[in-house]
Amino acid sequence: MAMGTYTVVLDETSGTNAGITADSQMSISPYVTVSPFDTSGEAGTVLTVSGYGFPAYATIKAGMTAGGVTLSTSATTASSTGYFSVSGAFASSITSTGPESLSLTYNTSAYYQSNAFFVSVPNPSNLGFTF
């Protein structure tokens with residue numbers, strides 16, 4: 001669903017409570033997922049960012065910031081349901097490890113998400129070296 005506030009209506013259609021109706025407001029807010037979630041953060045590493053709940057047909061501007069480093073993404077447009085997916089590579093290496101944030105600009109608004117992905121130290125034993 002695209003970003004916004006929606007009314008949810010429930011209507012009991014059978015049983016002893018038939019005919020009772022209840023409604024409530026529900027808000028949809030933007031959220032992103034990053035794949036792969038766990039990365040080394042090396043320059044040139046490609047991440048795919050998928051966005052959900054953005055405004056319908058929002059313009060996602062080129063160049064996101066991931067862990068304080070530019071993620072070279074192209075501009076894209078969210079669907080009618082507020083979904084988009086775009087891939088890009090780190091312009092330089094991330095020098096810290098741990099949870100990292102992601103920020104992007106859509107239309108005239110900024111979006112920031114903490115703990116969007118994780119930078120880990122590579123395991124030397126998985127690199128094929130013998131010590």
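Trainee: Where does N115 lie?

Mentor: N115 lies in strand β12. Strands here are DSSP runs of E with at least two residues, helices are runs of H or I with at least four, and both are numbered from the N terminus. Before you go on, note that this is a predicted model: local features need pLDDT of at least 70, side-chain atom pairs count only at pLDDT 80 or more, and totals for chains, interfaces and linings use all residues. Residues are numbered from 1 along each chain as its sequence is written, and side-chain values use heavy atoms, with hydrogens and water left out.

Trainee: OK. What is the phi of N115?

Mentor: It is positive, about 55°, although N115 is not a glycine. Most residues other than glycine have a negative phi. N107 also has a positive value, near 50°. N107 sits in the loop between β11 and β12.

Trainee: Which peptide bond is cis?

Mentor: The one from S35 to P36, with omega near -5°. Most peptide bonds are trans. P36 is in the loop between β3 (31–35) and β4 (38–39).

Trainee: Back to β12. Where is Q113, and what is it in contact with?

Mentor: Q113 is in that strand, residues 109–119. Leaving aside neighbours within four places in sequence, Q113 is in contact with Y31, V32, S101 and L102. Contact means heavy atoms within 4.5 Å. The Q113 side chain also reaches the backbone nitrogen of V32 at 3.0 Å.

Trainee: Why does Q113 count as buried?

Mentor: Because its relative accessibility is 7%.

Trainee: New topic. How many aromatic pairs are there in the whole structure?

Mentor: A search finds 5. Rings of Phe, Tyr and Trp (its six-membered ring) pair if their centres lie within 6.5 Å; planes under 30 degrees apart are stacked, over 60 edge-to-face, and the rest tilted. One of the pairs is Y52 with Y83: the centres are 5.3 Å apart and the planes at 50°, so this pair is tilted.

Trainee: Where do those two sit?

Mentor: Y52 is in strand β5 (residues 46–52), and Y83 is in the loop between β9 (76–77) and β10 (84–90). The pair therefore ties together parts 31 residues apart in sequence. Y52 is partly exposed at 40%, and Y83 is partly exposed at 35%.

Trainee: What about F54 and Y106?

Mentor: They form an edge-to-face pair, 5.2 Å centre to centre with 90° between the planes. F54 is in the loop between β5 and β6 (59–60) and Y106 is in strand β11 (residues 98–106), so the pair ties together parts 52 residues apart in sequence. F54 is buried at 0%, and Y106 is buried at 8%. Ring pairs link F54, F84, Y106 and Y111 into a cluster.

Trainee: Now zoom out. How many helices and strands are in the protein?

Mentor: There are 0 helices and 12 strands.

Trainee: And what does the C-alpha trace span?

Mentor: About 75 × 35 × 20 Å along the principal axes. Of the 131 residues, 31% count as buried. Residues 24 or more positions apart account for 50% of the contacts with a separation of 6 or more.

Methods: Buried means under 20% relative accessible area, exposed over 50%, partly exposed in between (1.4 Å probe, protein chains only). A polar contact is a pair of N or O atoms within 3.5 Å; within protein, one must be able to donate a hydrogen and the other to accept it, and residues adjacent in sequence count only if both atoms are side-chain atoms.
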